[in-house]
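Biologist: I would like to learn how to read pockets and helix packing in a model. Please take one feature at a time.

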Amino acid sequence: MRVKLLSHTELEAVKHVLRVKNVSFDPSQLLDHVVYMFEIEDCSRVTTHQLVRHRLASYDQESQRFSSASREGFVTPPSVQSNESAMRVYDQALKAAYQAFESMIALGVPKEDARYVLPNAIKTKLVMTVTAKSLMHIVWQRTALQAQWEIKEVVNVMLNLAREATPELWTKIIER
Amino acid sequence: MPMCCQPVMKVSLVWHTPNPERTIAVAMRRCYSTKPIEDIEVELEQKGREYWKYLLTRALQDKSLDVFEHYCLELLIEDTPEAEMRRVATAYPFIRLLPLNGRDWLVAMNARTLIEMWRDEIHKPFASTIVERLNANGTSPVFNSVVFGV
């Protein structure tokens, strides 16, 4: 999994306007005005299904209608990886699903229909633009103790990148 | 106040997504490419502005306005009454307002909202003032030309 911050609002430019207009800087009021654009690569579709439930953001995701699934492009959860017997079952299931996908393509089924057999473990890529306010809500929910491990990893990286880019906005995570 | 004496809304660009047209093109290519983002960016740089123009035109034709949501704008709007700003913000819920003092506002929006506003006769004058500012600043010339014909 890889997360990259592609761009973000320059907080200094916004603060300059506040100074000129003689308005005091209140980070909580600017959460709606600062946006981040992320690239998220090679996490599973399990995770992106959870991510896109956060509707106050913009997403564009690699389409399975057009891009090809590859045999290497699957995520394996640590609980499976650490269990030899479970790993065998997992591997067989993925192989069977991928072989079925390839067989259908060979039989002339279009990718958009053959993809129905592909598992949620398949890796994907997306770009996401989100406000600090919305990201803070995502962080609040998806880094909680009970959150699922993979989205927790993704969102923790997003949090670190956002915090590094605009530290003044991230002195505390406000529950929303 | 009579119409002739009303101050004209003044728009300044505080910040915008860097390299807006390439950003929109990246979002489009993301849907159809398995490549890492750096490779997509290199490909788009090599193919140049004519290709970005083609992709933006295609997005408009296909009504795939979601890709324009990645082009974000932070504006300072001055000399505009609260009633006018609230009217716009109510019509377009993705606009975010921060009142600065009396008639001045920090306004955050994205290019999709700008397009939708520009297509709406009621809000077109408001959108046109923003488009004029983008044009005067030389910001996103390909986008301005493809979408607004300016």
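Modeller: Start with the pocket. On a 1 Å grid over the protein atoms alone, a pocket is an open set of points with protein on both sides within 12 Å along at least five of seven lines, and lining residues have an atom within 4 Å of a point. Its volume is the space filled by probe spheres set on the points, with grid points joined across faces, edges and corners. One caution: this is a predicted model, where local features need pLDDT of at least 70 and side-chain atom pairs count only at pLDDT 80 or more, while totals for chains, interfaces and linings use all residues. Residues are numbered from 1 along each chain as its sequence is written, chains are lettered from A and ligands numbered from 1 in the order written, and side-chain values use heavy atoms, without hydrogens and water.

Biologist: How much space lies in the largest pocket?

Modeller: About 610 Å³. The lining has 27 residues, and A:Arg55, A:Leu56, A:Ala57, A:Thr131 and B:Phe94 lie nearest the centre.

Biologist: Which elements give two or more residues to that lining?

Modeller: Helices (H or I, at least four residues) and strands (E, at least two) are DSSP runs, numbered from the N terminus. Chain A gives strand 3 (57-61), strand 4 (123-131) and helix 7; chain B gives strand 4 (104-110) and helix 4 (111-119). Helix 7 of chain A supplies the largest share, four residues.

Biologist: How does helix 7 of chain A cross helix 8 of chain A?

Modeller: Axes are lines fitted to C-alpha atoms, for helices over the stretch in contact, and angles run from 0 to 180 degrees between N-to-C directions. Here helix 7 (residues 132-142) and helix 8 (residues 149-165) of chain A have axes that come within 10 Å and cross at roughly 140°. Angles under 35 degrees count as roughly parallel, over 145 as roughly antiparallel, 65 to 115 as roughly perpendicular and the rest as oblique. Helix 7 and helix 8 of chain A are therefore oblique to each other.

Biologist: Which residues make the contact?

Modeller: Contact means heavy atoms within 4.5 Å. Helix 7 of chain A uses A:Leu135, A:Ile138, A:Val139 and A:Arg142. Helix 8 of chain A answers with residues including A:Ile151, A:Val155 and A:Leu159.

Biologist: What is the layout of chain B?

Modeller: Chain B has six helices and four strands. Along the sequence they read β-α-α-β-α-β-β-α-α-α. The C-alpha trace of chain B spans about 55 × 25 × 25 Å along its principal axes.

Biologist: At what angle do helix 1 and helix 2 of chain B cross?

Modeller: Roughly 100°, for helix 1 (residues 20-32) and helix 2 (residues 37-61) of chain B, with axes that come within 8 Å. That makes helix 1 of chain B roughly perpendicular to helix 2 of chain B. Among the residues that meet are B:Ile24 and B:Met28 in helix 1 and B:Tyr51 and B:Trp52 in helix 2.

Biologist: And helix 6 of chain B?

Modeller: The axes of helix 2 and helix 6 (residues 141-148) of chain B come within 10 Å and cross at roughly 35°.

How values were computed: 1 Å grid on protein atoms, 1.4 Å probe; cavity = no way out; pocket = protein on both sides within 12 Å on 5 of 7 lines; lining within 4 Å.
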